[in-house]
Amino acid sequence: MQGLGAAGVATGLAACGRSEQGPAGASNRRFNWKLVTTWPPNFPIFHEGVERFSQDVSKMSNGRLRITVFAGGELIPALQSFDAVSQGTVEMGHGAAYYWSGKIPAAQFFTAVPFGLNAQGMNAWLYYGGGRELWQEIYEPFNLMPLPMGNTGVQMGGWFRKKINSIADLKGLKMRIPGLGGKVMAKAGVNPVLLSGGEIYTSLERGNIDATEWVGPYHDLRLGLHRAADYYYYPGWHEPGPTLELLINNSAWQQLPEDLQLIVENAAAASNIWMLSEFEAKNLAALKTLREEHKVQILPFPDDVIQQLRKFTEEALNEQAAKDATFAKVLTAYRAFASGNAEWSALSEAAYAQALR
Ligand code: CA
């Protein structure tokens with residue numbers, strides 16, 4: 001291998017006289033990139049998964065591409081990462097596409113949509129079903145290239161200080177629930193509140209909010225939410241399989257030789273499955289702790305609540321589509337894939353889950 005590389009360099013230099021062109025010349029070039037996440041420092045799974053990705057890339061490229069990772073706020077405020085990567089202040093970012101829904105409403109489809117695709121469905125749509133191409137098309141005007149990198153799996157519905165027996169019980173509740181889920185809840189009379197992770201426990205414990213969603217058993221247990229509310233509802237209809245996002249500055253991406261691009265793509269795909277796997281394994285252990293040690297009441301949302309929220313979700317999606325042509329375009333593609341996915345899942349995953357009951 002080394003011999004081939006050396007011969008290639010010699011030929012490349014002789015042929016064009018430039019060391020930056022051609023695969024062999026490019027293979028010597030070293031890149032030192034910065035990646036900013038939207039996560040707090042050492043945030044389990046989310047931030048740790050990004051650190052792991054950076055180490056993988058460094059090892060696989062034999063140090064030719066080094067990525068220094070900064071947590072949210074270390075280099076720039078967490079939610080400025082989109083602009084920082086877009087402008088090339090840093091080369092990469094990690095977060096979730098729906099954080100940018102203020103700029104690009106359609107970005108929500110690339111994280112999660114209420115009652116939409118789960119992790120398996122998202123991967124199928126993004127990798128094989130045309131989703132990734134749409135995502136790239138929408139980000140291109142911002143000089144950005146997105147890749148899927150991580151998924152939480154189906155989240156939990158959230159913690160409530162009182163029992164929810166019907167849709168009427170939601171009316172007037174103050175709940176921390178971001179994004180489209182919050183818009184849907186508002187149609188049920190909920191007052192959706194935006195709070196960062198660090199503010200949730202105190203707000204709930206003091207009764208400043210009546211309910212909150214966060215992630216799943218593992219992260220919710222770490223935050224101590226079982227000490228602030230008695231009822232833990234499932235499923236996370238609002239976030240059925242949120243995909244996490246690797247953002248890459250497109251100009252920087254074009255500078256990478258093909259082999260380094262492939263290393264980044266494959267390391268991101270490996271991180272995608274690794275994070276989902278860690279979520280699955282840690283959530284099931286934490287669920288047991290919540291149930292057995294902390295005696296948390298773990299309840300399903302009543303059927304009428306789920307049915308009403310589904311109806312409100314369709315209304316919210318159609319309203320947004322009427323205001324935004326790009327949103328409408330992605331919604332059409334997403335619905336087409338999701339309905340086929342539901343049909344197949346009814347005979348496969350869903351039927352199998354039913355068989356295990
Ligand atoms: Ca959540």
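User: What makes something a pocket here, and which residues lie nearest the centre of the second largest pocket?

Analyst: A pocket is an open set of grid points with protein on both sides within 12 Å along at least five of seven lines, and a lining residue has an atom within 4 Å of a point. In this predicted model, 41 residues line the second largest pocket, with Tyr99, Arg176, Pro178, Leu195 and Trp214 nearest its centre. Two or more lining residues come from each of α7 (179-187), β7 (191-193), α8 (197-205) and α9 (217-223). The most come from α7, which gives 4.

User: How do you know what classes of residue make up that lining?

Analyst: Sorted by class, the lining has 23 nonpolar, 12 polar and 6 charged residues. The space in that pocket is about 1,000 Å³.

User: Why are β2 and β4 called edge strands?

Analyst: The open sheet has 5 strands in the order β2-β1-β3-β10-β4, with mixed pairing. β2 (65-70) and β4 (144-151) each have a single partner strand, so one side of each has no neighbour in the sheet.

User: What makes β1 and β2 a pair?

Analyst: Pairing takes at least two bridges. Strand β1 (residues 31-37) has 6 bridges to β2, and the two run parallel, so they count as a pair by that rule. Among those contacts, Leu35 has Val69 in β2 as its bridge partner.

User: How do you know which strands helix α6 packs on?

Analyst: Helix α6 (residues 131-139) touches β4 and β10 (243-249), and its direction makes about 135° with that of β4. Helix α11 (residues 258-292) lies across β1, β2, β3 (92-95), β4 and β10, at about 30° to β4.

Terms used. Residues numbered from 1 in each chain as written. Predicted model: local features only at pLDDT ≥ 70, side-chain atom pairs only at ≥ 80, totals over all residues. Heavy atoms only, no water. 1 Å grid on protein atoms, 1.4 Å probe; cavity = no way out; pocket = protein on both sides within 12 Å on 5 of 7 lines; lining within 4 Å. Points joined across faces, edges and corners; volume = space filled by probe spheres on them. Nonpolar A, V, L, I, M, F, W, Y, C, P; charged D, E, K, R; others polar. Contact = heavy atoms within 4.5 Å. Axes fitted to C-alpha atoms, helices over the stretch in contact; angles between N-to-C directions.
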